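Dear colleague,

I am passing on the structure we spoke about, so that you can look at it alongside your own work.

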Amino acid sequence: TTTPRIGDILQKLAPFLKMYGEYVKNFDNAMELVKTWTERSPQFKFILQDIQKEKVCGNLTLQHHMLEPVQRIPRYEMLLKDYLRKLPQDSLDWKDAEKSLEIISTAASHSNSAIRKMENLKKLLEIYEMLGEEEDIVNPSNELIKEGQILKLAARNTSAQERYLFL
């Protein structure tokens, strides 16, 4: 009560928030697995429903609980920004809170980047499958920049042929 502070605590814990990037990357796959097994296995569905009825679950589904960590970093970032807006700039906690916000913003950016990379990788794998899984084009450093319809103009007779391009 004599020196209320949270910035110093968050500053120490914020670097661990980067781990959420891994969770976020696998979130869609995990949600899909829960859906698949709920549809496929009546026993799994029954056990899941039974657990979700427990008081500790707060009448929320497993999927809802799985979503919480995905929302956590943006929520911390938003709360910390609001805290800094209301905190006097001469407060003992100002510098630590500001540094915490910087670290948490980096973690949020890291999570967003992980999501984009995962989405890009999924799209690339779909393209590889469409192209017959040519081994010489599969490269982990490849990145999909753009795709879409183009017109190829023939040099001899200037006729146009439709093509689909992956850049």
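The notes below go through helix contacts, then salt bridges, and then one serine.

Please keep in mind while reading that this is a predicted model.

Helix packing

I began with helix 4, which covers residues 62-86, and helix 5, which covers residues 94-130; their axes come within 9 Å and cross at roughly 155°. Since angles over 145 degrees count as roughly antiparallel, that crossing makes helix 4 roughly antiparallel to helix 5. The crossing in which helix 4 passes helix 5 is left-handed. On the side of helix 4, the contact is formed by Ile 73, Tyr 76, Glu 77, Leu 80, Lys 81, Tyr 83 and Leu 84, and these meet a set of residues in helix 5 that includes Trp 94, Ala 97, Leu 101, Ile 104, Ala 107 and Ala 108, as well as Glu 98 and the serines Ser 100, Ser 105 and Ser 111.

Helix 2 contributes Val 34, Trp 37, Thr 38 and Arg 40 to the contact, while helix 3 contributes Pro 42, Phe 44, Lys 45 and Leu 48. The residues of the contact between helix 2 and helix 3 divide into 5 nonpolar, 1 polar and 2 charged.

Salt bridges

Searching the whole structure gives 7 salt bridges, and I describe some of them here. In one of them the side chains of Arg 5 and Asp 93 meet, with a distance of 3.6 Å from N to O. Arg 5 lies in the segment before helix 1 (7-13) and Asp 93 in the loop between helix 4 and helix 5, so this pair ties together parts that are 88 residues apart in sequence. The two partners can be set side by side in terms of accessibility: Arg 5 counts as partly exposed at 29% relative accessibility, whereas Asp 93 is buried, with a relative accessible area of 0%.

Arg 5 also forms a salt bridge with Asp 96, where the closest N and O atoms are 2.0 Å apart. Asp 96 lies in helix 5, so this pair ties together parts that are 91 residues apart in sequence.

Another salt bridge is formed by the side chains of Glu 102 and Lys 99, at 3.6 Å from N to O. Both of these residues lie in helix 5, 3 residues apart, which is about one turn of the helix. Glu 102 counts as partly exposed at 48% relative accessibility, and Lys 99 counts as partly exposed at 34%. Returning to the bridges of Arg 5, those that share partners join Arg 5, Asp 93 and Asp 96 into one network.

A serine in helix 5

Finally, Ser 109 is found in helix 5, where its relative accessible area of 43% makes this residue partly exposed. The C-alpha atoms of Ser 109 and Leu 151 are separated by 38 Å, the two residues being 42 residues apart along the chain.

Conventions
Residues are numbered from 1 along each chain as its sequence is written. This is a predicted model: local features need pLDDT of at least 70, side-chain atom pairs count only at pLDDT 80 or more; totals for chains, interfaces and linings use all residues. Side-chain values use heavy atoms; hydrogens and water are left out. Axes are lines fitted to C-alpha atoms, for helices over the stretch in contact, and angles run from 0 to 180 degrees between N-to-C directions. Helices (H or I, at least four residues) and strands (E, at least two) are DSSP runs, numbered from the N terminus. Angles under 35 degrees count as roughly parallel, over 145 as roughly antiparallel, 65 to 115 as roughly perpendicular and the rest as oblique. A crossing is left-handed if the near helix is turned anticlockwise from the far one by less than a right angle, and right-handed if clockwise. Contact means heavy atoms within 4.5 Å. Ala, Val, Leu, Ile, Met, Phe, Trp, Tyr, Cys and Pro count as nonpolar, Asp, Glu, Lys and Arg as charged, and the others, Gly among them, as polar. Buried means under 20% relative accessible area, exposed over 50%, partly exposed in between (1.4 Å probe, protein chains only). A salt bridge is a side-chain nitrogen of Lys or Arg within 4 Å of a carboxyl oxygen of Asp or Glu.
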